[in-house]
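Biologist: Hi! Could you walk me through this model while I have it open?

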Amino acid sequence: MDGPKSDKPWWWTGLKFECLGCGRCCRGEPGAIWFTEEEERMLAARIASNLEEFRRRYVTGRYGRPSIVEKANGECRLLDGATGRCTVYGLRPLQCRLFPFWPSLLASPRAWMEESRRCPGMNQGKEHSGEEIAALLATTPFPDL
């Protein structure tokens, strides 16, 4: 007979992750790089002359939301291909800052492990507690991320 089931998610005992700055999360297969209206205003102020220009040059639609345009090779438009670094790192959208602590990647151990094959910083480095992960999840403006 099984013991009592925990009401805590599978990741509650903690997960290891440390960003290695490899940029793999910013390139590859097409996806969505969603942002909030506030993030859009800050990015536009930093990299475009106005909001209209920012939208024309950097924004497309993905899954019913505005998203940063990707280059033909799948890289984020804001990634410097030569250095592998984000050109707006300090202003990058919350979606980017939360990686890999996205609801979709925390949905199951399998989803986490599949993504860890792409990201060398997952399952090593700093241990993030269940409480810390829950706090990060609570900040996402996109629960279906």
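Modeller: Happy to. In the protein, residues 24 or more positions apart account for 67% of the contacts with a separation of 6 or more, where contact means heavy atoms within 4.5 Å.

Biologist: Before we go on, what are the ground rules?

Modeller: This is a predicted model, so local features need pLDDT of at least 70 and side-chain atom pairs count only at pLDDT 80 or more, while totals for chains, interfaces and linings use all residues. Residues are numbered from 1 along each chain as its sequence is written, and side-chain values use heavy atoms, with hydrogens and water left out.

Biologist: Thanks. How many helices and strands are there in the protein?

Modeller: Five helices and six strands. Helices (H or I, at least four residues) and strands (E, at least two) are DSSP runs, numbered from the N terminus. Their order from that end is β-α-α-β-β-β-β-α-α-β-α.

Biologist: And what box do the C-alpha atoms fill?

Modeller: Roughly 65 × 30 × 25 Å, taken along the principal axes. Of the 145 residues, 37% count as buried. Buried means under 20% relative accessible area, exposed over 50%, and partly exposed in between, with a 1.4 Å probe and protein chains only.

Biologist: Which residues have the most contacts inside the largest nonpolar core?

Modeller: Leu15, Phe101, Leu106 and Ile133, in a core of 19 residues. Such a core is a set of buried Ala, Val, Leu, Ile, Met, Phe, Trp, Tyr and Cys residues joined through side-chain atoms within 4.5 Å. At least two of its residues come from each of S1, H3 and H5. There is also a second, separate core of 13 residues, with Ile33, Ala48, Phe54 and Leu79 among them.

Biologist: Back to Leu106: what does it touch?

Modeller: Leaving out residues up to four places away in sequence, Leu106 touches Trp10, Trp11, Leu15, Phe101, Trp112, Ile133 and Leu137.

Biologist: Trp112 sits in H4, I see. Which residues of that helix are buried?

Modeller: In H4, residues 109–116, the buried ones are Ala111, Trp112, Glu115 and Ser116. They lie on the same side of H4, because they cover an arc of only 135 degrees around the axis; the arc is that of the directions from the helix axis to the C-beta atoms. As background, an α-helix has 3.6 residues a turn, so residues three or four places apart point the same way.

Biologist: What covers the buried residues of H4?

Modeller: The cover includes strand S1 (15–17) and strand S6 (122–128).

Biologist: Switching topic: what volume does the largest pocket have?

Modeller: About 1,100 Å³. A pocket here is found on a 1 Å grid over the protein atoms alone, as an open set of points where a 1.4 Å probe fits, with protein on both sides within 12 Å along at least five of seven lines; lining residues have an atom within 4 Å of a point. Grid points are joined across faces, edges and corners, and the volume is the space filled by probe spheres set on the points.

Biologist: Which residues lie nearest its centre?

Modeller: Of the 49 lining residues, Cys25, Cys26, Cys96, Phe99 and Trp102 do. Strand S5 (85–86), helix H3 (94–98) and helix H5 (130–139) are the elements that give two or more residues to the lining, and H3 has the largest share with four. The lining divides into 28 nonpolar, ten polar and eleven charged residues.

Biologist: On phi, what about Tyr63 and Asn123?

Modeller: Tyr63 has a positive phi near 55 degrees, and Asn123 has a positive phi near 70 degrees. Tyr63 is in the loop between strand S2 (59–62) and S3, and counts as exposed because its relative accessibility is 66%. Asn123 is in strand S6 and is partly exposed at 37%.

Biologist: Last one: is Glu75 buried or exposed?

Modeller: Glu75 counts as buried, at 10% relative accessibility. Glu75 is in the loop between strand S3 (65–68) and strand S4 (79–80). Not counting residues up to four places away in sequence, Glu75 touches Cys26, Arg27, Glu70 and Gly81.

How values were computed. Nonpolar A, V, L, I, M, F, W, Y, C, P; charged D, E, K, R; others polar.
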